[in-house]
Amino acid sequence: MKFRCRMNDVAAMRDFTNIVNTVSRMSKRCVMRLTPDVLCFNVGDEHLPVVWAEICQLRFFHEYEITGSSEELNEIYLELDTVMLARSVASLKQNAKSAKIKLANKKHPCLTIEIELPSLSMDSRQCVHDVPVQVIPRREWNEYRAPRIPEFDISLEMPQLKHVRNMVERMKNMSSNLTLETDRDGKLILKVENDCARIATYFPNLKVWCRSNLEEDISASVDIKKFHTFLSWEIIHPDSVKCNILHERTVNLHLCSEGYLTIHYFMPAIAS
């Protein structure tokens with residue numbers, strides 16, 4: 001198996017760093033899936049999907065080469081420490097000229113990240129990091145494939161994440177649970193309550209993409225800290241974010257940005 005890629009574009013390196021940093025806030029471990037077309041970060045909890053972040057390699061990498069286990073299965077799956085990866089790519093924000101990432105074997109498999117940094121002299125400085133990885137055998141690949149997306153009871157547009165984040169920032173000090181409630185006309189309500197107070201924020205007239213035939217309002221309660229963590233994706237300025245709800249069962253937040261980044265974030269409903 002072989003993998004190597006190179007980034008030269010400043011905006012691409014910045015966005016890649018932001019993506020890795022956000023994934024590291026969601027989990028200390030993840031599985032990176034490498035294919036000829038996309039690079040995916042997969043976070044699961046006991047094999048249940050939590051985060052699926054998929055980036056288009058054409059948008060990020062000036063060079064990109066992969067040789068998997070065979071021509072028919074030209075993929076590589078690597079488990080790694082997201083915090084270590086985030087620390088390793090942090091230098092990309094220091095006006096880096098380029099970055100190379102390759103799969104290497106230095107007594108153990110690792111992703112070697114070589115970052116070219118500017119210098120006061122004519123020569124550039126090079127910063128090298130090795131991130132240990134565990135190569136996942138082919139017999140286990142099915143556990144880390146793209147998650148199956150169910151049919152939801154409603155799919156509607158999310159308000160701008162920065163506005164939602166400001167509200168949830170205050171709400172999370174009141175309760176550990178957040179209830180998302182929607183009606184058929186595109187109104188989203190975020191609610192928290194405790195023994196002393198009840199707070200609700202209303203976002204009306206949101207675009208509804210699809211909805212089931214349920215006559216009642218559709219709602220689900222989730223862990224407010226997990227919901228707040230998702231709002232960190234605001235840093236990449238997404239083009240669209242959808243809130244998909246399976247009544248009292250699941251909330252799925254689906255983010256897209258310029259066709260180069262797709263994210264699915266799954267939160268199981270908490271029984272009320």
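**View 1. Helix α4 and the elements that cover its buried residues.** In this predicted model, the buried residues of helix α4 are covered by elements that include the strands β11 (177-182), β12 (188-193), β13, β16 and β17 (250-257), together with helix α5. The residues of α4 (residues 161-171) that are buried are Leu-161, Val-164, Val-168 and Met-171. They lie on the same side of α4, because the arc that they cover around the axis is only 85°.

**View 2. Thr-201 in strand β13.** Strand β13 (residues 198-203) holds Thr-201, and β13 is also among the elements that cover the buried residues of α4. Thr-201 counts as buried because its relative accessibility, 11%, is under the 20% cut-off. When neighbours within four places in sequence are left aside, the contacts of Thr-201 are with Met-167, Met-171, Leu-188, Ile-189 and Leu-190.

**View 3. Helix α3 and its buried side.** Thr-82, Leu-85, Ala-86, Ser-88 and Val-89 are the buried residues of helix α3, which runs over residues 82-89. Their arc around the axis is only 160°, and therefore they are placed on the same side of α3. The packing partners of these buried residues are helix α1 (10-26) and the strands β2 (29-34), β3, β6 (76-81), β8 (109-117) and β9 (125-135). At the start of α3, the backbone nitrogen of Val-83 has a side-chain oxygen of Asp-81 within 2.9 Å.

**View 4. Thr-17 in helix α1.** Thr-17 is found in helix α1, one of the elements against which the buried residues of α3 pack. With a relative accessibility of 0%, Thr-17 counts as buried. If residues up to four places away in sequence are not counted, Thr-17 touches Val-89, Leu-92 and Lys-93, and Val-89 is itself one of the buried residues of α3. Between the C-alpha atoms of Thr-17 and Ala-90, which are 73 residues apart along the chain, the separation is 6.6 Å.

**View 5. Ala-12 in helix α1.** Ala-12 likewise has its place in helix α1, and with a relative accessible area of 0% this residue is buried. Its contacts, not counting residues up to four places away in sequence, are with Met-7, Arg-59 and Phe-60. The C-alpha atom of Ala-12 is 9.8 Å from that of His-62, a residue 50 places away along the chain.

**View 6. The largest pocket and its lining.** The largest pocket holds about 630 Å³ of space, and 21 residues line it. Nearest the centre of this pocket lie Leu-48, Pro-49, Val-50, Phe-266 and Pro-268. Two or more lining residues come from each of β3 (38-45), β4 (48-56), α5 (224-230) and β18 (261-268), with β18 giving the largest share, four residues. Sorted by class, the lining comprises 12 nonpolar, five polar and four charged residues.

View 7. Not counting residues up to four places away in sequence, Thr-250 touches Asn-244, Ile-245, Met-267 and Ala-269. From C-alpha to C-alpha, Thr-250 and Ala-53 are 18 Å apart in space, while in sequence they are 197 residues apart.

View 8. Most residues other than glycine have a negative phi. Lys-107, by contrast, has a phi near 75°, a positive value, and for His-237 the value is also positive, near 50°. Lys-107 belongs to the loop between β7 (98-105) and β8, whereas His-237 belongs to the loop between α5 and β16 (240-246). Lys-107 counts as exposed because its relative accessibility is 87%, which is over the 50% cut-off. His-237 counts as exposed as well, at 58% relative accessibility.

Note on methods. Residues are numbered from 1 along each chain as its sequence is written. This is a predicted model: local features need pLDDT of at least 70, side-chain atom pairs count only at pLDDT 80 or more; totals for chains, interfaces and linings use all residues. Side-chain values use heavy atoms; hydrogens and water are left out. On a 1 Å grid over the protein atoms alone, a cavity is a set of points where a 1.4 Å probe fits but cannot get out, and a pocket is an open set with protein on both sides within 12 Å along at least five of seven lines; lining residues have an atom within 4 Å of a point. Grid points are joined across faces, edges and corners, and a volume is the space filled by probe spheres set on the points. Ala, Val, Leu, Ile, Met, Phe, Trp, Tyr, Cys and Pro count as nonpolar, Asp, Glu, Lys and Arg as charged, and the others, Gly among them, as polar. Buried means under 20% relative accessible area, exposed over 50%, partly exposed in between (1.4 Å probe, protein chains only). The arc is that of the directions from the helix axis to the C-beta atoms. Contact means heavy atoms within 4.5 Å. A polar contact is a pair of N or O atoms within 3.5 Å; within protein, one must be able to donate a hydrogen and the other to accept it, and residues adjacent in sequence count only if both atoms are side-chain atoms.
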